[in-house]
Amino acid sequence: MRVKRFIPLAVFALLALLLFKGLSIDPTALPAARLGQPFPDFSQPELLTEELIDASALRPGPALVNVWATWCYSCRVEHPYLLALAEQGVPIYGLNYKDDSEKARQWLADLGDPYRLNIADRDGTVGLDLGVYGAPETYVLGADGVILHRHVGVLDQAVFEQDIGQWFPALAKLGQANAPEGSAQ
Amino acid sequence: MRRLLCMLILMSSSAWAVIETYEFSSPDLASRYHLLSQELRCPKCQNQNIADSNAPIARDLRVVLYEQLEAGQSDQQILDFMVARYGQFVRYRPEVDRQTALLWWSPLLLLVLGGLGVVRHFRQKERHPERGLTAMEREHVDRLLKDRLP
């Protein structure tokens, strides 16, 4: 009979725990449906050379695939950090998402080009197959071209160290010696 | 005042909503389009379906939906296509699987638990029926009432 008195307290504690956990969940973070699958196949022109490329162009991994566009303001914010990462030897492939290719080429000429190559996804079909719903987004591809991780939003040093650095172990040691510039904001 | 009201109505999201029009080859396709575009959820502006949202991604998904309907895809094929890219999140009525089981079954579970509680409550009442007042209690009540009542 005594135990019974504590039932309301137990229910309250459980509910409080549940709601407290709810506070720390980011409702805008969607699980990526493509995790663990190979990068969807495509055939699109490369932004600079206009040569048709397919998913095999994104190898070898591990590499980053960065979804960007000139209309995307946050892409300009993360651009210096991408340059710094590329300088440290992280292979970055670009997915120029629903963009005007002329403007995109101008952007790379003005701000610098961190990308090994760029998929010119003018109508957004590659983005759609990948499950992209905005820019910027950054995907981690494994050595075999399988999608390991997705980050939605600006990629900066904090995000890289916490979520992405694990796939670039050689860089982790290197990064401590000379942290990329202009990335700490 | 009336002008203000008109402006407010025009500014509401539903007035902005459907921007483009599609020509369907059959009225059946059009009605399926309306059903599916209300069941599919916009990944960008959450808590809006793709029919209501004017986010670029919602517009893209409406185009895909239109093209796939015209290409003769079944509802299930279209939903599978969307789920493969955006996960079960993209459906307002996700398929019952291990992840969504709690979502689907908890209303029934709560109803059963509540029902059990009610049954228990009445059983207990049956076991301990009201016994009425003893002579001493009745005397006490009478005294109290006499004091209060005029």
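# A first look at chains A and B

Lys98(A) is buried, with 21 other C-beta atoms within 10 Å. That is a handy place to start in this predicted model, since phi of Lys98(A) is near 45°, a positive value in a residue other than glycine.

**Overall form of chain A**

- Chain A holds seven helices and seven strands.
- Along the sequence, these elements follow the pattern α-α-β-β-β-α-β-α-β-α-β-β-α-α.
- The radius of gyration of chain A is 20 Å, whereas a compact globule of 185 residues would have one near 16 Å.
- Taken along the principal axes, the box filled by the C-alpha atoms of chain A is roughly 80 × 40 × 30 Å.
- Of the contacts in chain A between residues at least 6 apart in sequence, 73% join residues at least 24 apart.

**What lies inside**

- Buried residues make up 35% of the 185 residues of chain A.
- The largest nonpolar core has 54 residues, and those touching the most other members are Ala63(A), Leu64(A), Val65(A), Ile92(A), Tyr97(A) and Leu141(A).
- Helix H3 of chain A, residues 73–87, gives the most to this core, with six residues.
- As general background, nonpolar side chains tend to be buried together in soluble globular proteins.

**Backbone details to look for in chain A**

- Lys98(A), the residue from the opening, sits in the loop between strand S4 (92–97) and helix H4 (101–111).
- Glu50(A) also has a positive phi, of about 65°, although it is not a glycine.
- You will find Glu50(A) in the loop between strand S1 (44–45) and S2.
- Is Glu50(A) buried or exposed? Glu50(A) counts as exposed because it has 9 other C-beta atoms within 10 Å, and 12 or fewer is the cut-off for that label.
- Arg59(A) and Pro60(A) are joined by a cis peptide bond, with omega about 5°.
- Pro60(A) belongs to the loop between strand S2 (52–53) and strand S3 (63–68).
- Another cis peptide bond joins Ala135(A) and Pro136(A), where omega is about 0°.
- Pro136(A) is in the loop between helix H5 (125–130) and strand S6 (137–141).

**A helix pair in chain B**

- In chain B, the axes of helix H3 (residues 27–39) and H4 come within 10 Å and cross at roughly 145°.
- The crossing of H3(B) past H4(B) is right-handed.
- On the H3(B) side, the residues that meet H4(B) are Leu29(B), Arg32(B), Tyr33(B), Leu36(B) and Ser37(B).
- Their partners in H4(B) are Arg62(B), Leu65(B), Tyr66(B), Leu69(B) and Glu70(B).
- By class, the residues of this contact are six nonpolar, one polar and three charged.

**Where the chains meet**

- How many residues of chain B are in contact with chain A? There are 12, and they contact 11 residues of chain A.
- On the side of chain B that touches chain A, helix H4 (56–70) and helix H5 (75–86) of chain B each supply at least two residues.
- H5(B) gives the most to that side, with four residues.
- The side of chain B that touches chain A consists of seven nonpolar, two polar and three charged residues.

Notes
Residues are numbered from 1 along each chain as its sequence is written. Chains are lettered from A and ligands numbered from 1 in the order in which they are written. This is a predicted model: local features need pLDDT of at least 70, side-chain atom pairs count only at pLDDT 80 or more; totals for chains, interfaces and linings use all residues. Two residues are in contact if their C-beta atoms, placed from the backbone, lie within 7 Å. Ala, Val, Leu, Ile, Met, Phe, Trp, Tyr, Cys and Pro count as nonpolar, Asp, Glu, Lys and Arg as charged, and the others, Gly among them, as polar. A nonpolar core is a set of buried Ala, Val, Leu, Ile, Met, Phe, Trp, Tyr and Cys residues joined through C-beta atoms within 7 Å. A residue is buried if 20 or more other C-beta atoms lie within 10 Å of its own, exposed if 12 or fewer, and partly exposed in between; C-beta atoms are placed from the backbone. The radius of gyration is taken over C-alpha atoms; the globule rule is 2.2 Å times the number of residues to the power 0.38. Axes are lines fitted to C-alpha atoms, for helices over the stretch in contact, and angles run from 0 to 180 degrees between N-to-C directions. A crossing is left-handed if the near helix is turned anticlockwise from the far one by less than a right angle, and right-handed if clockwise.
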